[in-house]
Amino acid sequence: MKIKDIIIVALMSAILLTVQVVAAPLPNIELVSLLVIIYTLVFKWKTLFIIYIFAILEGLIYGFGQWWFTYLYVWTVLFVVVTLLSKIDSVILWACVSGMFGLVFGALCAITYFFIGGPAYAVSWWISGITFDLIHGVANFIVCLVLFKPIYLILTKMTSISFSRK
């Protein structure tokens, strides 16, 4: 990886962490899903580095509880979905992907609870959070619908800038 790539990964990871911490007081209203979608479209596989650096930083800030293990795969699931759909150029599609991701976030997180406490524990944990998943899904859809284009344009312009002097 080139120095330019390392700088971009570090900067994007810092932005991801910053928007998560700033929005943390809001109940399941976040920009992380939107940014992971855009990062995947713009930075491709480098997004995996961004995701895992973000997860490690989250663990350092909030502690490495059982929730933390979910962050190692839930954002990767979003990365894979976006990668599979990356040929489609539609803000509505990305808003729907972001919204659906918010809706299933709790179910994805419940996977670790399945292994820790069994099926009843996982299902009860997921059901207790369905209200938050609904808020998460609607908020993700709206946030993506409104902010996708401007952020995507900024990042694509930023990545087209060359750091070399001629």
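Helices here are DSSP runs of H or I with at least four residues, numbered from the N terminus. The model is predicted.

Start with the whole chain. It has seven helices and zero strands. Read along the sequence, the pattern is α-α-α-α-α-α-α. The radius of gyration is 16 Å, close to the 15 Å that the globule rule gives for 166 residues, so the chain is as compact as a globular protein of that length. The C-alpha trace spans about 65 × 35 × 30 Å along its principal axes.

Of its 166 residues, 40% count as buried. Residues 24 or more positions apart account for 73% of them. The surface comes next. The chain exposes about 9,200 Å², and carbon and sulfur atoms supply 77% of that area.

Turn to the loop between α1 and α2. N28 has its place there. The backbone of N28 deserves a look. Most residues other than glycine have a negative phi. Phi of N28 is near 60°, a positive value in a residue other than glycine.

A second case sits in the loop between α2 and α3, where you find K44. Phi of K44 is near 55°, again a positive value in a residue other than glycine. K44 has a relative accessible area of 48%, so this residue is partly exposed.

Step back into helix α2, the place of T40. Is T40 buried or exposed? Its relative accessibility is 3%, so T40 counts as buried. What does T40 touch, leaving aside its neighbours within four places in sequence? The contacts are T47, F79, V82 and T83. Compare the position of T40 with that of V21. The two are 19 residues apart in sequence. In space they are 21 Å apart, C-alpha to C-alpha.

Move on to helix α3, which covers residues 46-62. Its length can be checked. At 1.5 Å a residue, its 17 residues should span 24 Å. The expected span is 1.5 Å times one less than the number of residues. The end C-alpha atoms are 25 Å apart, which agrees.

Which residues of α3 are buried? They are K46, T47, I50, I51, F54, A55, E58 and G59. These buried residues pack against three helices: α1 (3-23), α2 (32-43) and α4 (66-85). After α3 comes G63. Its phi is positive, near 95°.

Helix α4 is the next stop. W67 has its place in this helix. At 26% relative accessibility, W67 counts as partly exposed. Not counting residues up to four places away in sequence, W67 touches E58, G59, Y62 and Y113. E58 and G59 are among the buried residues of α3. Now follow the chain from W67 to I116. These residues are 49 apart along the chain, and their C-alpha atoms are separated by 11 Å.

V77 is also found in helix α4. Its relative accessible area is 33%, so V77 is partly exposed. Pair V77 with A95. They are 18 residues apart along the chain, and their C-alpha atoms are separated by 16 Å.

Finish in helix α5, which runs over residues 91-117. S98 lies in this helix. Is S98 buried or exposed? At 1% relative accessibility, S98 counts as buried. Its contacts, not counting residues up to four places away in sequence, are S33, L34, I37, N140 and C144.

Key. Residues numbered from 1 in each chain as written. Predicted model: local features only at pLDDT ≥ 70, side-chain atom pairs only at ≥ 80, totals over all residues. Heavy atoms only, no water. Helix = DSSP H or I, 4+ residues; strand = E, 2+ residues; numbered from the N terminus. Buried < 20%, exposed > 50% of the residue type's maximum accessible area, 1.4 Å probe, protein only. Contact = heavy atoms within 4.5 Å. Rg over C-alpha atoms; globule rule 2.2 N^0.38 Å. Areas by Shrake-Rupley, 256 points an atom, 1.4 Å probe, with all protein chains shown as cover.
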